[in-house]
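Keep the structure open as you read.

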Amino acid sequence: TQHLLARARAHEGLGAYLALDEAVSLAQARAADARLAQGERAPLLGVPLAHKDVLVTKDFPTTAGSKMLQGYRSPFDATVVARLAAAGAVTLGKLNCDEFAMGSGNDNSAYGPARNPWDTTRVPGGSSGGSAVAVAARLVPAATGTDTGGSIRQPASFTGITGIKPTYGRCSRYGLIAYASSLDQAGPMARSARDCALLLSVMAGPDPDRDSTSLDRPAEDYTRGLDDPLPGATPQRPLEGLRIGLPREFFGAGCADDVLAPIRAALAECERLGAVLVDIALPRTELAIPAYYIIAPAEASSNLSRFDGVKFGHRAQDYTDLLDMYKKSRSEGFGPEVQRRILIGTYVLSHGYYDAYYLKAQQIRRLIAQDFQAAFQHCDVIAGPVAPTVAWAIGEKTADPVAAYLADIYTLPASLAGLPGMSVPVGFGRGGMPVGLQLIGNYFQEARLLGVAHHYQ
Ligand code: GLN
């Protein structure tokens, strides 16, 4: 813990952390030492971790990357935070992210960008950018992230680390500051599939009293059997018989050649390990973008209404009456991207437009989920790129938010369907920047995704 606190200070320029508190971290580390001395063997005893700043923590401030929550301290820990702490983890601090997890580059944070350690002029991806930077720069062995439309997978891909978004509902959302509740999901970001498995085993599982959308399935030990070949396969060809589906829509002209090259090489390696590659179709892939950018802002406009300067958050200094206070507090507290999404969300939910936008988007969402089920008739996992390019320059997409939305094309479909997805580092593209392979599984197939990634790694 001492070593990593020193590393965090030495690399402040990366913008990974929003909060550190040496005294708190060292006290937690001493408590872990004491548990160890008493002979306790918890799975993460003494392992330092850090949390994305949209997960509330009682021992550290939580801002969600927003001025709105500057100085806020939660009276409780998010369930995933509490579970990691109970398993012995030590919290090093809170990690930078796009404001309320809205973004793809961590450049929408009110506290400044996080920087990609492979090239500090480039974004680390987002919204879990600080988590990706901290793991990639070896400031911490593993971190939590959250993924609504790609925010674990895309920054993992951009920084060359491993991250998994579980099936929607696998991890409790209690204490995850809501962006789009029907999509939000927490997950681990780490150096390897094995480390992700270790964390996810602790984080996952039902939380019926606190999150009614958490799914009623017992927690699994994702590390068990990780080294075993798939049933019927041999140690030399551990993926024997695995059918990997390649959606033709993910391999078209929209994806840069420097991204496709390492992905094709990784798929060839999977073939060498025994897998069979099959062509599949996800015909509504393009529609995932308009559907997501209606549904997510719609939910956000509702979720963010609680930040009114009364119950939570920043309150303006000078105002005339209640409405003026709301208006000024929200205008000052929310950054431009958050305001844009509140406007879009309010618009698509308004009487007269609801059927044309929101209802239509929900119908498309259902069709996208059905397309995946049709595809899984022909394959066991789906593979493709995480993002159409490598990490871009900081500021490059700021003036054109739609350009950033379009770059989410390969992560949004699995999000809308609620399917588990992960990013596995497979090589490098233009400028020597990392490229991740996305693996998508059917519901509750986290163990299979982690297994495939582990055999590849
Ligand atoms: N880039 C997407 C968005 O801005 C996804 C973000 C996320 O998964 N939190 O909404």
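## A buried loop residue

Start with Asn106, which sits in the loop between S3 and H4. The model is a predicted one. Is Asn106 buried or exposed? Asn106 has 34 other C-beta atoms within 10 Å, so Asn106 is buried. The backbone of Asn106 also deserves a look. Its phi is near 60°, a positive value in a residue other than glycine.

Ser127 belongs to the loop between strand S3 (90-95) and helix H4 (129-136). The peptide bond that leads from Gly126 to Ser127 is cis. Its omega is near 10°.

## Confidence

How far does the predictor trust this model? The protein chain has an average pLDDT of 97. A score of at least 70 is reached by 100% of the residues. For the model, ipTM is 0.98 and pTM is 0.98.

## Around the ligand

The ligand is surrounded by 13 residues. The closest are Ala101, Ser104, Thr148, Gly149 and Ser151. What kinds of residue make up the shell? There are 7 polar, 4 nonpolar and 2 charged residues.

## Helix H10

Helix H10 covers residues 336-349, which makes 14 residues. From first C-alpha to last, H10 reaches 20 Å. That is close to the 20 Å expected at 1.5 Å a residue.

Which residues of H10 are buried? They are Val338, Arg341, Ile342, Gly345 and Val348. These residues cover an arc of only 140° around the axis, so they lie on the same side of H10. The face turned away from that buried side carries the exposed residues Pro336 and Leu343. Cover for the buried residues of H10 includes helix H8 (288-303) and helix H11 (355-375).

## Two partly exposed loop residues

Pro43 lies in the loop between helix H2 (22-37) and strand S2 (48-52). Pro43 counts as partly exposed because it has 16 C-beta neighbours inside 10 Å. Leaving out residues up to four places away in sequence, Pro43 touches Ala87, Leu198, Ser201 and Val202. Pro43 and Gly232 are 189 residues apart in sequence. In space they are 30 Å apart, C-alpha to C-alpha.

Phe444 is found in the loop between strand S11 (434-440) and helix H14 (446-456). Phe444 has 17 other C-beta atoms within 10 Å, so Phe444 is partly exposed. The phi of Phe444 is near 65°, a positive value in a residue other than glycine.

How values were computed:
Residues are numbered from 1 along each chain as its sequence is written. This is a predicted model: local features need pLDDT of at least 70, side-chain atom pairs count only at pLDDT 80 or more; totals for chains, interfaces and linings use all residues. A residue is near a molecule or strand if its C-beta atom, placed from the backbone, lies within 6 Å of it. Ala, Val, Leu, Ile, Met, Phe, Trp, Tyr, Cys and Pro count as nonpolar, Asp, Glu, Lys and Arg as charged, and the others, Gly among them, as polar. pLDDT is the predictor's confidence in each residue, from 0 to 100. Helices (H or I, at least four residues) and strands (E, at least two) are DSSP runs, numbered from the N terminus. The expected span of a helix is 1.5 Å times one less than its number of residues. A residue is buried if 20 or more other C-beta atoms lie within 10 Å of its own, exposed if 12 or fewer, and partly exposed in between; C-beta atoms are placed from the backbone. The arc is that of the directions from the helix axis to the C-beta atoms. Two residues are in contact if their C-beta atoms, placed from the backbone, lie within 7 Å.
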